Amino acid sequence: MSLPPDPNTLRDERQTPDVSKKSLRKSLLEIRKNLTATEHRDFDSAIGGHILRYLENHSFGTVGVYLPIRNEPDLSELYAVLSRKVSLSLPITPAHDQPLQFVRWAPGDALVKGAYNVLVPEKQEPVMMPEALLIPCVGFTADRFRLGYGGGFFDRTLAAHPGTHTIGVAYSCLQTTFETEENDIPLHCIITETGIML
């Protein structure tokens with residue numbers, strides 16, 4: 001299911017793209033919040049399977065992952081499998097206007113609350129920028145553009161590391177439309193419970 005454009009979010013002379021995206025973001029977060037526990041469980045399992053197959057067709061040795069917040073897909077089962085095949089890392093936010101940094105992580109490592117109440121490894125061992133990133137999406141378009149929370153962390157990170165392979169992660173019900181800007185860059189793929197969008 002795709003979310004139709006909300007007429008209240010369309011740009012006009014009274015709205016800027018930031019205002020439009022803010023309204024759309026709120027609607028999409030509500031949709032994600034209202035998924036049932038069964039839908040989350042089934043969708044997360046399907047997404048994990050698609051990601052595993054996708055990664056098996058590539059030769060990445062390092063992958064940056066995420067720990068879910070605000071009803072994002074929970075890929076814990078996938079991480080347990082991946083950690084036996086590749087080196088995993090988690091992002092940390094050193095400052096509000098800086099790109100993300102990454103620290104080594106494996107399932108079972110001790111975690112503490114970091115900036116924005118996001119869990120981060122208690123022991124922080126910095127690593128180089130991962131070859132591939134799993135990037136949670138609040139929403140996404142058919143052209144693989146991502147809508148995030150609005151902080152710009154992934155945008156700044158990818159601008160600094162343009163060679164990184166980007167894998168968006170989302171539920172299919174969050175596909176939508178929004179106005180992109182000149183410096184927006186589509187992700188390499190977006191993976192939902194229904195499959196892989198290239």
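How far apart are the mean positions of the positive and negative charges of the chain? In this predicted model, the mean positions of the 19 positive charges (Lys and Arg) and the 24 negative charges (Asp and Glu), with His and the chain ends not counted, lie 3 Å apart, each charge being placed at NZ of Lys, CZ of Arg, CG of Asp or CD of Glu. Residues are numbered from 1 along each chain as its sequence is written, and side-chain values use heavy atoms, without hydrogens and water. Local features require pLDDT of at least 70 and side-chain atom pairs pLDDT 80 or more, whereas totals for chains, interfaces and linings use all residues.

The chain contains 4 helices and 12 strands, taken as DSSP runs (H or I, at least four residues, for helices; E, at least two, for strands) and numbered from the N terminus. Its radius of gyration is 16 Å, close to the 16 Å given by the globule rule for 198 residues, so the chain is as compact as a globular protein of that length; the radius is taken over C-alpha atoms, and the rule is 2.2 Å times the number of residues to the power 0.38. Buried residues (under 20% relative accessible area, with exposed over 50% and partly exposed in between; 1.4 Å probe, protein chains only) make up 41% of the 198 residues.

Among the buried residues of α2 are H40, D44, I47 and Y54. By contrast, G108, in the loop between β3 (101-104) and β4 (111-113), is exposed, with a relative accessible area of 79%.
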